[in-house]
Every structure is written in C-alpha cells, then in structure tokens.
Amino acid sequence: MVGKSSIQSLRETHLAPSLSLSYTIPLHIVKGEGQYLYDTDGNQYLDAVNNIQHVGHCHPKVVEAATAQYQRLNTNTRYLDETIVNYAKALTDKLPQGLDVCFFTNSGSEANDLALRIARHITQSKETIILDAAYHVNLSSLIEISPYKHSGKSGSGAPEFVHTIPMPDPFRGKYRGDNSGKKYANEVQMAIDKIQESGKRVSVFIAESLMGCGGQLVLPKGFLKESFQKVKEAGGLCIADEVQIGFGRMGDHFWGFETQGVIPEIVTMGKSMGNGHPLSAVVTTREIADAFNNGMEYFNSFGGNPVSSAVGHAVLNVIEEEGLQQNAKDVGFYLKSLLNELKEKYSIIGDVRGFGLFLGIELVRDPESLEPADKEADQIMNSMKEKGILISTNGPDHNVLKIKPPLVFTKDNAIQLVETLNGVLNEADY
Ligand code: PMP
C-alpha cells in the first residue's frame, strides 16, 4: 500500500493546490461502513460530518443496485429505459403535487446552474435575489450568486444583476430573535423594489431553507413564506436549494422547504441523492418544463443514466425501508437536547440549532459581544478528530461546528459525540 507521506507528495504534485485537506493532520481513510470510517491503522472514526453518504457508507443495497445495473447496461436518457422512468416517478412522488418533472444532472452545482437558466428563460430576466453568506457552489454562474465565495478571499463581489439581502440570522444578524422573519422578508421586498425601479423584472429568488455554509442556520419563522409570496407577486420564481438538506435529513420533513411551509417552483438536489454517486436533479412543474422546451435541447451525457437512476432509487428505498427520516427526527432531537445541556455548562456555546440530523453549534468568545470563536472551533474540530469523531466547521465567521452524519446515526453515537465534546471543551477550559 502507498504510504501516507507519498500520497501527500503525489497529491501536492498532481492535484490543484486550491483544494484543501480536512484536519491539521489529514486522514487516510481506507474503509467505510454505515456511520464509521477506518484509517490505515484500523482506527475507527465516528462520522458525524459526511452528509453525502446519506444512508451510510457503502450501503450494501446501494452497492448492489449499482453493480447489477453496471453489469446489465449503462447508456443515457435518450433511450426508453424503465430504470430511469421508475426512478423519476419515485422521486417526484416524494415532492408536493405539481413538482412532477425531472432534469437529471451530475452535481449540485450543475443542478443550480440549470435551475437559474430555466428561471432566466421563463422570466426573460437575470435579476436574482440571494441571501448573504449563501453558497450555491462552484460553477462561474454560481460564484456570482454565492457571497460565501465572491465576498471572500480573492472574490470579486456580486455582479449588478445579483441582489443580496442580509443573512436571516436570528442569533447575530441585522434583525434578531424568532420574530425577525418579517423584517428579513421586507429586505426581499426592498430588493424587488430596487429591481423594478430600475425598469427591470425579477427573475428568481434562490435560497437554502436551512443554510449549510451559512452555519447550519435555521431561518426565522415565516421568512420564506413571506419572501416567496413577494417574489411571486413580482412575477419571479423561487428555487429551493435542497442539495445539503433534502431526503429526510430534517426529520419532521423530507424536504427543507417544508420546514418553512412553502412550495417552490423549482427544487434542486444532489449530494445525498446518490449516496456518493454523482447524481443530482432539477425538479419543476410541467408548465415550467414545457416553457423551457424552447427548441434548444437539454441533454446531459451522464445525468440520470441507468446506473445513476438505479443508485438513486436504491437510496430512496433504503430511506423508506430503514425508517431513516424517523431516525433523523428521533436521534436528531435527542442529540440536540444533549447539546443544549452542554450549552448550559460552557459559555463558549452561544447557540445550538438545526433540525433532524443537520445541527450546528455556534461558538462565541463572549456571550454579550458574540465575538466569533473561530480558532477555538478549528481546534475543537481537530481535537474531536484525534478522539475519533469527525465533525467540521463553517459559517461566515468560521465559528460553527457542523454535525451532519449519515442518517443511520444512533442514540449511542449521539452520546459518544456529546461525551467526547464535553471532554474536549473541559480539557481546553472553555
Ligand atoms: N448547493 C449547496 C447548498 C451545497 O452545499 C452544495 C455543495 N457544497 C452544492 C449546491 C453543490 O454541490 P456539488 O458539490 O455537487 O456541485
């Protein structure tokens, strides 16, 4: 087997340096099973961070579905194929009525790019409303609408057609508290007014219904409902980016947008959809899909091919058969309550938030000033890893510990995570 140092040196030679490694001392993982990862020395890590491996690492039913379909056939979506259409039916059955039509793609970024293209065609406008700190990821069209990147290091800001409203953060944002939803929705109205006053039309409002890179941020109640209404009244479309939060992770709901009681015109999804296999989609209404059918064909070489569809369908089946949405609800609720107990003990924990198995712990140096404890967050993440628990950090101030494990996470795993975190916080004297 190639040693860790030669992997690192090959990596430095042949992989782009703009790609970082996780943890100060990087991991060399060689095996995954369920919610566990194993390194070359056989050390076991409890994986509380890899939300992509949604139903567990190397789930046998997903592996079997992929293998069987690979052995039978892998073509593309230009042929009649029952695997593809059965999956499209099963997927749209999980969405509210009316969201019936799929465009299959290969990454969340590709899905978001296509969603923007569809919206721009329908509305004949590019004027886009986004949330500050949002991240819709890595295509050029998406850096333009991702303040997380274009306002960060080496970013060149937002183009004129992008209108950014303050991140709806009830903890440390422009407006605070549970009742701040209306105030943030007013900011959406202000963006609409600005667009219209300049003689233009609103194209689209895109948001995650619980912000991942925004620091596991639960949007204030009513925010999306009011914002969607205002955007619709202005003739715009709403896109829900479900790439991180969809597929039962929220516990009470299969989709993140349901936590805010809204129905978007366009939904984008990816990551967990293929449990690690490159599979993503844009799902929209028949009316919108037909209006986009403007003569310029949309074909995607790999998107939704029979192997991808078989994998995606197996993931849906496993979620159902193993009751993983319910597990996300039960274990997530339990874990959150344990974390809230820790919050009482350590003043560095400013906020514990999230739904289901998508939780965040915001760290602050001072409960009054809310000074972000970013270095501490990084140190805690690394100490947790040394003790066999994998989490990550994020948020605009890099001070939020992120917990988003495969949905097979158990209550015992939750106890192990919280006891380890307690030890780390205690040792560091926070
Ligand atoms: N949207 C959100 C909210 C994401 O977090 C990501 C991935 N981090 C994407 C879209 C894009 O996914 P991908 O990496 O598959 O392009």
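These exercises, each with a worked solution, treat a predicted model.

Residues are numbered from 1 along each chain as its sequence is written, local features need pLDDT of at least 70, side-chain atom pairs count only at pLDDT 80 or more, and totals for chains, interfaces and linings use all residues. Side-chain values use heavy atoms, with hydrogens and water left out.

**Exercise 1. The ligand shell**

Task: List the residues around the ligand, sort them by class, and find which helix gives the largest share.

Solution. 
- Step 1: Ala, Val, Leu, Ile, Met, Phe, Trp, Tyr, Cys and Pro count as nonpolar; Asp, Glu, Lys and Arg count as charged; the others, Gly among them, count as polar.
- Step 2: Count by class. The shell holds three nonpolar, six polar and three charged residues.
- Step 3: Assign the elements. Helices (H or I, at least four residues) and strands (E, at least two) are DSSP runs, numbered from the N terminus. Helix H4 (residues 108-123) supplies the largest share of the shell, three residues.

**Exercise 2. Polar contacts and cover of the ligand**

Task: Which atoms of Gly108, Asp241 and Gln244 lie 2.8 Å from the ligand, and how much of the ligand does the protein bury?

Solution. 
- Step 1: Set the rule. A polar contact is a pair of N or O atoms within 3.5 Å; within protein, one must be able to donate a hydrogen and the other to accept it, and residues adjacent in sequence count only if both atoms are side-chain atoms.
- Step 2: Take the backbone. Gly108 places a backbone N or O atom 2.8 Å from a ligand oxygen.
- Step 3: Take the side chains. A side-chain N or O atom of Asp241 is 2.8 Å from a ligand nitrogen. A side-chain N or O atom of Gln244 is 2.8 Å from a ligand oxygen.
- Step 4: The ligand alone exposes 390 Å², and the protein buries 85% of that. Accessible areas come from the Shrake-Rupley method with a 1.4 Å probe; for residues, only the protein chains shown count as cover.

**Exercise 3. Salt bridges**

Task: Describe the Asp397–Arg172 pair, then name the network that contains both residues.

Solution. 
- Step 1: Define the contact. A salt bridge is a side-chain nitrogen of Lys or Arg within 4 Å of a carboxyl oxygen of Asp or Glu. This rule gives 20 salt bridges.
- Step 2: Check the pair. The closest N and O atoms of Asp397 and Arg172 are 3.8 Å apart. The bridge links distant parts of the chain, 225 residues apart. Asp397 is in the loop between strand S16 (392-394) and strand S17 (400-403), and Arg172 is in the loop between strand S6 (162-165) and helix H7 (181-197).
- Step 3: Classify burial. Buried means under 20% relative accessible area, exposed over 50%, and partly exposed in between (1.4 Å probe, protein chains only). Asp397 is partly exposed at 30%, while Arg172 is buried at 19%.
- Step 4: Look at two further pairs. Asp351 and Arg353 form a salt bridge of 2.9 Å, N to O, and both are buried. Arg365 and Glu371 bridge at 2.8 Å between their closest N and O atoms. Arg365 is partly exposed at 36%, as is Glu371 at 37%.

**Exercise 4. A buried lysine**

Task: Where does Lys385 lie, and which backbone oxygen does its side chain reach?

Solution. 
- Step 1: Locate Lys385. Helix H12 (residues 374-386) contains it.
- Step 2: Check burial. Lys385 has 3% relative accessibility, so it counts as buried.
- Step 3: Find the partner. The Lys385 side chain comes to 2.5 Å from the backbone oxygen of Ile25.

**Exercise 5. Positive phi**

Task: Are Gln124 and Ala133, two residues with positive phi, buried or exposed?

Solution. 
- Step 1: Take Gln124. Its phi is about 55°, though Gln124 is not a glycine. Gln124 sits in the loop between H4 and strand S5 (127-131). With 56% relative accessible area, Gln124 is exposed.
- Step 2: Take Ala133. Its phi is near 75°, again positive in a residue other than glycine. Ala133 sits in the loop between S5 and helix H5 (140-143). With 8% relative accessible area, Ala133 is buried.
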